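Good morning, colleagues. Please turn to the sequence and structure on the screen; I shall then go through the chain in order of scale.

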Amino acid sequence: MNLTGIISTLQYWAVGLIIFVIGYYAMVFLCKAKGINLNKAIDDHNAAAGIAMAGFIIALGIVISGAVQ
């Protein structure tokens with residue numbers, strides 16, 4: 001049984017997830033530098049904060065997907 005495909009897929013998944021988490025915390029850090037608590041703003045149903053974070057997540061996912069392929 002050849003597991004190289006499964007192993008490489010799991011490796012790419014792990015690397016992508018690590019990059020995604022680093023990117024998320026970078027976005028939160030940048031918002032805190034500007035005096036904005038992004039997580040609290042999203043919890044308070046701030047639509048602009050939610051849309052900004054969703055756009056960031058989608059953009060980061062596209063970049064990670066392109067880098068992995």
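Which elements of the protein chain have the lowest and the highest mean pLDDT? This is a predicted model, and the lowest mean among the elements belongs to α3, at 85, whereas the highest belongs to α2, at 90. For the protein chain, the average pLDDT is 86, and 94% of the residues score at least 70.

Let me turn to the overall architecture. The protein chain contains three helices and zero strands, giving the pattern α-α-α along the sequence. Its radius of gyration is 16 Å, well over the 11 Å that the globule rule gives for 69 residues, so the chain is more spread out than a compact globule. The C-alpha trace spans about 50 × 20 × 20 Å along its principal axes.

Next, the surface. Of the 69 residues in the protein chain, 16% are buried. The chain exposes about 5,300 Å², and carbon and sulfur atoms supply 72% of that area.

I now come to individual residues. His-45 is placed in the loop between α2 (38-43) and α3 (47-68). Its phi is near 65°, a positive value in a residue other than glycine. With a relative accessible area of 72%, His-45 is exposed because the cut-off for that class is over 50%.

Finally, the aromatic rings. A search of the whole structure finds one aromatic pair. Tyr-24 and Tyr-25 form this pair, with 5.2 Å centre to centre and 70° between the planes, an edge-to-face arrangement. Tyr-24 is partly exposed, at 24% relative accessible area, while Tyr-25 is exposed, at 54%.

How values were computed: Residues numbered from 1 in each chain as written. Predicted model: local features only at pLDDT ≥ 70, side-chain atom pairs only at ≥ 80, totals over all residues. Heavy atoms only, no water. Helix = DSSP H or I, 4+ residues; strand = E, 2+ residues; numbered from the N terminus. Buried < 20%, exposed > 50% of the residue type's maximum accessible area, 1.4 Å probe, protein only. Phe/Tyr/Trp six-rings, centres within 6.5 Å; stacked < 30°, edge-to-face > 60°. pLDDT = per-residue confidence, 0-100. Rg over C-alpha atoms; globule rule 2.2 N^0.38 Å. Areas by Shrake-Rupley, 256 points an atom, 1.4 Å probe, with all protein chains shown as cover.
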